[in-house]
Amino acid sequence: MDAKETFDTFVRELNIQVVADNDEQDPDADAAADADADDDADDDDDDDDDDDDNDVPSSLLRYFETSRSRAAACESLLLQELEEDHLVCEERRKRRRHEMKEEEEEGEELKRRVERDFQTELKKMMEAEKEEEEREKKEEEEKRTMVEQHNRMKEEEKRMREEENIKMEAERKGMEEEMRRKKEGERRIEEMKLKKEEEEKRRVEREKREEKNKIEMEKRKQEEEMRMMKEEEEREKRTREKEQQKIEEGEAKKKEEEREKSEEENRKIEEEVISTKEMEERKKREETRKNKEKEEDNDISLVDCENMSGLRVLRLGHNKLTSVRGLAGAEHLDVLDLSHNSITRIAGLESMRRLQRLSVDYNQLISTRGLGAVCTLLHLSCSHNHLASVEGLENCALLSTLDLRANGLAEPPSLRNQVLLRELHLDDNSISSLAGLAGCWLPLMQHLSVAQNRITELPPMADCVSLANLDLRFNCLSELQSVCEGLQGCVSLRELRLTGNPLQQEAGWRSALQRAAPGLRAIDDQQTDSALAPPAVAPAPGGFPALCRAQLQQTLDLQRRHDTELSSALSALDAVTTSHRHLAEALQLAVDQRVAHERGDAAAAQDRGERGVDAAERPEMAPAGTDPPVDPDLQK
């Protein structure tokens, strides 16, 4: 609401109040005037109705005059009151402004007084602080001087003590030097005595060894003579037997020809069955041999093979050996069995120039670094140990079989220099991926077993061109598509084991695997549809696949020939001699195959198979970067 509206409202209220006051002062006159006015109004209405041209009555005029005078009086009264009110309000405003100015001046004065007091107090405090700081500085200087004096005194005392200690130390060193000289003289005298005694012992031992060697040479000569005599007798027996055979052959020639024809037809069909039976028989023989060894445990804890250069086979299983020591004198050792001991590290094999078979099963192995000193190793078995990684395989270029079952491996070993590897056993470990193995070139590997691990996917295995048997039981393979992709290109795969994997819950997993690897003959020891189909046409000769097939066939033929010769041995001595020759032939074949691999020459491998193996050509060391063929006996 603005000022004008406020003023109008005030005037209206004032008019009402004035009228009320007037009414209170003369109510009778007002009533009479009102009555007269009403009468006059009625008369005027009547007169107007009767005659509009008549004159105005005198009473009405008087009423009009009185009303007008009253209105003028009221107006003058209102104007006076308004002026008085305005003056009063103005006076009040002036007083209020004056009071406010006085209050502001008093506040400013009070503020200035407080500021002056604060400044004075602040100056006093600053002066007090300065005085306190000066006092503290004086005290610190006094303390510093006292500390410096105290330190000087301590340093002087320390210097004096050090001088005394130096003097005492010099005296003590002099006494110790004298004692040391005396002891050194006594020690030299004792060493001279001990050296003389040791030289005397060595001379005596040397004489004893020479006597033993002479006796052994005489024994060997006698044995050689006996062997020659036996051989002559055997030759005579064989000649007589040959004559009898010729007589009998003439009579049974026809029967033999017919039988040979039938056997030739059935040989190919029964060849695979016979090979499996032979492997089972070998397993049984190996198990019986191991059981016999367990029954014949010894307590050997130290070995000394000094001057045993003729030793070829050494079996120390089921003993109490804790390390590989004392084998320096057996440099021509071929077979070394250290299983069922307490060995923790492989070492001490530097002198082994022709070691082919090494067995350290059921030990406490944590390191295999010493394998790097053996270049001719064909078969290595380190199962049931505590290996977290495998070291020293870089120079094992002729390795054919590797058994690492029941260890703590988290990934496959690095096999970048083992192109001749035939069998690899990694069962019962903690392997989660085969990616590292897929990156290695293993063209001759026929058997891969990684059962009881944590494998979740199968990498591409097409580079393993000779892989025939793959064991993946009890792993974590859940994606059928991944397994099928990994098996694509494995043209030689014949047997696959997947028991205990989640992918077997998928529908149609067998048919999917058969489509991925058409050559499969059995899945989890159950024949597939392809097992009943006719055999595939053999690939054309030539090229790298032909080299791989030729080398695998050479190894198989050599093993069959060795088995035949051992079974036909007439005596135990003949069997030992034959087995030694077989070891030499196997090593030479491995060397030739490795050389052929590096050259990529299939013809060289074929020529090597045709001309045979000469035991005298056995090398002292295999070339770096090679792998040997598989030995079926050691595989099983």
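Helices α3 and α8 (572–599) each supply at least two residues of the lining of the second largest pocket, helices being DSSP runs of H or I of at least four residues, numbered from the N terminus. The model is predicted: local features need pLDDT of at least 70 and side-chain atom pairs pLDDT 80 or more, while totals for chains, interfaces and linings use all residues. Residues are numbered from 1 along each chain as its sequence is written, and side-chain values use heavy atoms, with hydrogens and water left out.

**Pocket and cavities**

- The second largest pocket has a volume of about 760 Å³; among its 17 lining residues, Arg-220, Glu-223, Gly-310, Leu-573 and His-580 are the closest to its centre.
- Helix α3 provides seven residues, the largest share of this lining.
- Two cavities of 30 Å³ or more are found in a search of the whole structure, and the largest cavity holds about 40 Å³ of space.
- The largest cavity is lined by Val-303, Leu-316, Leu-321, Ser-323, Val-324, Arg-325, Leu-327 and Leu-338.
- On a 1 Å grid over the protein atoms alone, a cavity is a set of points where a 1.4 Å probe fits but cannot get out, a pocket is an open set with protein on both sides within 12 Å along at least five of seven lines, and lining residues have an atom within 4 Å of a point.

**Surface patches**

- Patches consist of residues with over 30% relative accessible area (Shrake-Rupley, 1.4 Å probe) and no salt bridge, like charges being joined within 9 Å and nonpolar side chains within 5 Å.
- Arg-202, Arg-206, Lys-208, Arg-209 and Lys-212 form a positive patch, and Arg-202 belongs to helix α3 (residues 58–295).
- A negative patch comprises Glu-127, Glu-129, Glu-131, Glu-133, Glu-134, Glu-136, Glu-140, Glu-141 and Glu-142; Glu-134 lies in helix α3.
- Phe-118, Leu-122 and Met-126 make up a nonpolar patch with about 280 Å² of accessible area together, and Phe-118 is in helix α3.

**Salt bridges**

- The structure contains 32 salt bridges, each a side-chain nitrogen of Lys or Arg within 4 Å of a carboxyl oxygen of Asp or Glu.
- One of them joins Arg-95 to Glu-91, with the closest N and O atoms 4.0 Å apart.
- Both Arg-95 and Glu-91 lie in helix α3, four residues apart, about one turn of the helix.

How values were computed: Lys and Arg count as positive and Asp and Glu as negative; His and the chain ends are not counted. The place of a charge is taken as NZ of Lys, CZ of Arg, CG of Asp or CD of Glu. Grid points are joined across faces, edges and corners, and a volume is the space filled by probe spheres set on the points.
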